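Subject: Structure for you to look at

Hello,

Here is the structure that I promised to pass on to you. Please open it beside this message, and then read on for what was found in it.

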Amino acid sequence: MVTHEVLNQAPPRADLNEYLVNPALTEAVKRYDAQWATARLTEVGALVGQADFQRDAELANVNPPIFSSHDRWGNRVDEVAFHPGYHRIIGAAVEHGAHTSCWSEPRAGAHVARAATFMLFAQVEPGHACPVSMTHAVVPSLRFTPSLASEWLPRVYSRVYDPQLREAKASALFGMAMTEKQGGSDVRANSTRASSSGDGTWRLTGHKWFCSAPQSDAFLVLAQAPGGLSCFLVPRVLPDGSRNVFRIQRLKDKLGNKSNASSEIELDGTVGWLLGEQGRGVRTIIEMVAQTRLDCVLGSAAGMRQSVAEAAWHVRHRSAFGALLIDQPAMTAVIADLQLEAEAATWTALRLAAAYDGSSDEDVAFRRLATAVAKYWVCKRGPNHAYEALECLGGNGYTEGFPLARRYREQPVMAVWEGSGNVIALDVLRAMAREPASVEAVDRELASARGVHPAYDAHVTATRKLVAGVARDPGSAAGHARRVVEALALGLQAAVLIREAPAAVADGFVAARLGADRSLEYGALDTGLDLARIAARA
């Protein structure tokens, strides 16, 4: 007996080209000199939009990595097994250069093209983006020691993914291991020790409390050497083919990010090579951290895109009370507001990536401060954005059969990884105090959009007062850090939208985030805005 028909349910959001249906991303790619990558990005957009790719993303998360300390004969192996879907996804990301294409094929817009590629993959499956990001980010740090760079960079640049841990392979993925139980972000409190072996190698002994992607081929590790905290390159497999001592204690049981293995490790006489100078470990690895912070912004923006796209798809295909949800003013306003947030994040992310394409003093100064500011704000906005999008799907959004429950659990990790809120806010203050050129560069960015919106001009004036205030009174600056960073972030987002985005988007963002009637709630927008046009971009 037939009990009912399935009606008024949105069809699966699959087999769309995720690049071509994302106007903010396509516009920003064109604006920031990466139009040459359109064909590549279109190919990636088609790939990640396929139903089977989305199914692999689901399988990689519902079948999380499994750790084995020993093989069946009792030999210590410290191996992590992944679902085949995970391997297919990360293999495709590497093949399409989401890791290191901007380094291996440098040209105008290379960092922007790589950022867009990374975002497309991370939009559908974010867990694999962790080792992809760290492999991208390790390149500047490796260059501190030319001999190590010449050995490892060709492997890092490879477009072939090989998950096997062995010496005779042409490719490599990298990870990093900095934090310890007693210190967390205070890496100078690390207790892991390094002693010279007298043959050019070092022996490391200690532990690391968070080490993501422990299956990677090599890691940058901080340890205390006689000359102070130093950075070491630690491979999982030694040149003679034997396994290095890299004891995985357990995998973390995390809130989200399930497809990515994060572990606790112990080092006991582990072989490493000094990277950079003794006592300059933070200076060496901070180059890697800067790049991964950028990728946190990219990953959060990608998550916002998935959230609003899934929400908009649902409300365009579901009716209630006699009309499609998207045509009902309350829902139109919510989707428009979610889109404003996602567009601001996307434009900001690619504006930052463009700064990494440049090498001028202005580019270097701008990205020093702007990366930290954007990392704080965009990543912090991600979780609530995901929640609001989830709510648009009603009960469906709260179930594991739809991707937004997974995204809701995923978004907080970007705010925690590479420095949580207070760590990043204090780093912003540090940059402002020690590198005044970075403040001047960001101020010029803000000034470039003045004269269009009175609310924006007033915000810039207020932001300058905040910046001047913390400069005058460094002793109390920490208490105002979050307020200063928020003001800078909103200014940077508004500036890029005013200069580059369609007028409806810029007008909407300024009214919603800087206007006199701004609200903490998504969807509480001025009805005089072109909400339908904004929502149509979702």
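Rings of Phe, Tyr and Trp (for Trp, its six-membered ring) are said to pair if their centres lie within 6.5 Å, and the planes then decide the type: under 30 degrees apart they count as stacked, over 60 as edge-to-face, and the rest as tilted. By that rule, the structure holds eight aromatic pairs. One of them is the tilted pair of F53 and F121, whose ring centres are 6.0 Å apart with 55° between the planes. This pair links distant parts of the chain, since F53 lies in helix α3 (residues 51–62) and F121 in helix α6 (residues 110–124), 68 residues apart.

Before going further, please note that this is a predicted model, in which local features need pLDDT of at least 70 and side-chain atom pairs count only at pLDDT 80 or more, while totals for chains, interfaces and linings use all residues. Residues are numbered from 1 along each chain as its sequence is written, and side-chain values use heavy atoms, with hydrogens and water left out.

Helices (H or I, at least four residues) and strands (E, at least two) are DSSP runs, numbered from the N terminus, and two strands pair if DSSP finds at least two bridges between them. Strand β9 (residues 262–275) is joined by nine bridges to strand β5 (residues 202–212), and the two run antiparallel; within this pairing, K208 stands opposite I265 of β9. Strand β8 (residues 247–251) also pairs with β9 in the antiparallel sense, over four bridges, and here I248 has I265 as its bridge partner. Strand β7 (residues 228–235) is antiparallel to β9 as well, with three bridges, and C231 is partnered with L275.

Turning to the helices, angles run from 0 to 180 degrees between N-to-C directions, and axes are lines fitted to C-alpha atoms, for helices over the stretch in contact, where contact means heavy atoms within 4.5 Å. Helix α10 (residues 329–357) packs against helix α11 (residues 361–392) at about 155°, with the axes 9 Å apart. That angle makes α10 roughly antiparallel to α11, a word used for angles over 145 degrees. Among the residues that make the contact are L338 and A342 of α10, and A370 and A374 of α11.

The axes of helix α15 (residues 436–447) and helix α16 (residues 454–472) come within 10 Å and cross at roughly 165°, and these helices are therefore roughly antiparallel to each other too. In their contact, V439, D443, E445, L446 and A447 of α15 meet Y456, V460, T463, R464 and V467 of α16.

Best wishes

Conventions. Parallel < 35°, antiparallel > 145°, perpendicular 65-115°, else oblique.
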